[in-house]
Amino acid sequence: MKVSDILRVKGNTLFTVTPNQPLAEAVAVMAEHDIGSLVVMEHGDLVGMLTFREVIQAVVRNQGSIGSMTVRGVMDDHPLTCTPGTEMDEVRRMMLERHARYMPVMSARTLMGVISFYDVAKAVVDSQDFENRMLKAYIRDWPAEAGSDEATSRT
């Protein structure tokens, strides 16, 4: 399974901010859309990622207030990224190593979407459920050998 499979199911709605936007505006967008991250774009390029983690750390540093902070002063300016062709096992490994909950998906310099750790976990569970159903169907349809004791005891 690849990242493109998750994006196909998830859809392509993206929320972005610029680095010079007030942090309060970015937090309002996150709250309004019930999302945990925003991609930070400047002149068409990915320059950072803003997640609830960075927001909470900034609020704590500022004694519980957002004040006049901008996105630039809070964002992760070196976010972990992947491509649509990245294998799911690699994405899981990267996210676990960096404790990343969100990952922008890039195709060259074009932002294709954002996947979350939840998206990855859901894709893995869905894939395992499908595989389990296929295995159970295969076992149920297992051909019985003619003349065996087990085959005759089922009749």
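Across the whole structure, a search finds nine salt bridges, a salt bridge being a side-chain nitrogen of Lys or Arg within 4 Å of a carboxyl oxygen of Asp or Glu. This is a predicted model, in which local features need pLDDT of at least 70 and side-chain atom pairs count only at pLDDT 80 or more, while totals for chains, interfaces and linings use all residues. Residues are numbered from 1 along each chain as its sequence is written, and side-chain values use heavy atoms, with hydrogens and water left out.

One of these salt bridges joins the side chains of Glu-42 and Arg-72, at 3.0 Å from N to O. The pair links distant parts of the chain, 30 residues apart, since Glu-42 belongs to strand β2 (residues 37-42) and Arg-72 to the loop between α3 and α4; helices (H or I, at least four residues) and strands (E, at least two) are DSSP runs, numbered from the N terminus. Glu-42 is partly exposed, because its relative accessible area is 24%, and Arg-72 is likewise partly exposed, at 38%. In these terms, buried means under 20% relative accessible area, exposed means over 50%, and partly exposed lies in between, with a 1.4 Å probe and protein chains only.

Another salt bridge brings together the side chains of Arg-109 and Asp-45, at 2.3 Å from N to O. This pair also links distant parts of the chain, 64 residues apart, with Arg-109 in the loop between β4 (102-107) and β5 (110-116) and Asp-45 in strand β3 (residues 45-51). Arg-109 counts as exposed because its relative accessibility is 61%, whereas Asp-45, at 24%, counts as partly exposed.

Glu-97 is exposed, because its relative accessible area is 55%, while Arg-93 is partly exposed, at 35%.
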